[in-house]
Amino acid sequence: MSRLLRYQIEGEDRFLSISLEFTPQRVGPQEIHLPIWRPGRYQAQYFAKNIATIQTSKGSIVKSSLSTWTLDVDSLDPVVLSYKYFADQPDAGGCVSQSDLLYINFIACLIFPHRGENRPCEVKITLPGNRETACSLPTYGSGFRAKSYRELVDSPFIAAPEVFSHRWQSHGVTFYVQGVGPKHHFSPRLLQAYARFVDYQIAYMEGFPGKKYHFLHWICPKPFYHGVEHTASTMMVMGPEDRDSYDDFIGLASHELFHVWNVATIRPKELLPYDYTRQVIFDTGWVVEGITTYLGDWFLWASGVVTADEYVGMLLGNLKLHFERDGASKQSLVESSIDLWLDGYGQALPGKRVSIYFKGALVALALDLMIRQKFSHQRSLRDVLLAMKSEFKKGYTRADFYTLVEKVYEAPLSDFWRIWVEGNEPLAKRIGDLMAFVGLEFKESPLRLEIQNSASLAAFQLANSPNRHI
């Protein structure tokens, strides 16, 4: 009995015409789902709002909950389900169907049978003539094959009359820079920057979990800044077309690449495996996003893409986003990790929530500096990440993370967790004291960050780093 899920997709003006052919595994009621959320954005989005109705080739199908339909299966013969999906969400996690662009995040638009997340998939996409494509999936005829629905929906797709493409190898891994938009955005300077921080991150983490990786870009007409991580790619949307996107792209791409380790590979236990049909609450979003935000910028400096002064400016920018916007907020990082599912990523109740990105980055910076200071730069946050890679193959809890960090630090950190992660106390004086160790002076009023000792700052960049491998 075939387990293959066969999808066919054709773009129309602002819609995708989609069909799914599959062989039921049993007779009786069969639930059909569309994901309510996507990894990388911990918020229910209910993509089913973009589907009016679903037709079936045999039997009957009815809507049974917000993102679920029930199919009446009376035999084990193949069945075809067809529907139209409204494709007009121009961000890094949506779908867009236009005359000159077909851009699909499969997780937003492809239904699947209950418990079918591990079934192999085949996708055929009908395109007008003279279209170039980009996707991390292996091609198969006029489409793609994926080992599972999970792999398929982790692999965004772009088709346009012209797609920029550049590739190179690092540590035996093939990397691609591909994108739609004016070619001047894909400058030699940008490509060299990508190659530098790619080399550095792979050396820092002592290997890459895959054999290839795609940096996918859409430079769109409207002002925009958004990126989403995937196991074998990242999708980044930037606009408008006439702006200089270099600084934003290097920062976003470095951040999204590190998510290959920190969430795509090393994952909170609640996310193993992903359950696309329900809200998945976890309290370690600050580990996933905070460490990645902090290190994403630090990698640009450590790899030589930006200067020390530029890095200090980036660090100050993140500090401002916490202290000037969220510094007096009532919630802890633990509470705000949970409440992303409640409030989303927009404005919450004033004074309520802190950012798991920016306060999370503050915590990551503090941990890195504390470890470096205690061990004279012979240990750092890198030791924590490498230990996570080794020890958390089956996921981790907040308690697991605490225990591992304390093992690297060789001492309890109960007060640190209580104040920095589980509390809402002001942290300016504490982080200022820690940054003095690496030659930085931080003042809260007015907020500023200045280099006081270049030699100490250089040690922050170079000590306990994998530079020797590059």
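Lys352 counts as buried, at 16% relative accessibility, which is under the 20% cut-off. This is a predicted model, and in it the side chain of Lys352 meets that of Asp343 in a salt bridge, with 2.9 Å from N to O. Asp343 itself is partly exposed, its relative accessible area being 24%.

## Other charged pairs

The whole structure holds 23 salt bridges. One of them joins Arg418 and Glu425, whose closest N and O atoms are 3.8 Å apart. Both ends are partly exposed, Arg418 at 41% and Glu425 at 32%. Shared partners also link Asp339, Asp343, Lys352 and Arg353 into one network of salt bridges.

In helix H8, Asp368 and Arg372 are four residues apart, so about one helical turn separates them. Their side chains form a salt bridge at 3.1 Å, N to O, and both residues are buried.

## A buried arginine without a partner

Arg38 sits in the loop between strands E3 and E4. Arg38 is buried but makes no salt bridge, as Asp91, the nearest side chain of opposite charge, is 5.4 Å away. Among the residues that Arg38 touches are Gln45, Phe47, His226 and Val228.

## The second largest pocket

Now for a look at the open space. The second largest pocket has a volume of about 720 Å³. Its lining counts 31 residues, with Arg150, Glu151, Asp154, Thr231 and Ala232 nearest the centre. Helix H2 and strand E19 each contribute at least two lining residues. Sorted by class, the lining has twelve nonpolar, ten polar and nine charged residues.

Key: Residues are numbered from 1 along each chain as its sequence is written. This is a predicted model: local features need pLDDT of at least 70, side-chain atom pairs count only at pLDDT 80 or more; totals for chains, interfaces and linings use all residues. Side-chain values use heavy atoms; hydrogens and water are left out. On a 1 Å grid over the protein atoms alone, a cavity is a set of points where a 1.4 Å probe fits but cannot get out, and a pocket is an open set with protein on both sides within 12 Å along at least five of seven lines; lining residues have an atom within 4 Å of a point. Grid points are joined across faces, edges and corners, and a volume is the space filled by probe spheres set on the points. Ala, Val, Leu, Ile, Met, Phe, Trp, Tyr, Cys and Pro count as nonpolar, Asp, Glu, Lys and Arg as charged, and the others, Gly among them, as polar. Buried means under 20% relative accessible area, exposed over 50%, partly exposed in between (1.4 Å probe, protein chains only). Lys and Arg count as positive and Asp and Glu as negative; His and the chain ends are not counted. A salt bridge is a side-chain nitrogen of Lys or Arg within 4 Å of a carboxyl oxygen of Asp or Glu. Contact means heavy atoms within 4.5 Å. Lists of a residue's contacts leave out its neighbours within four places in sequence.
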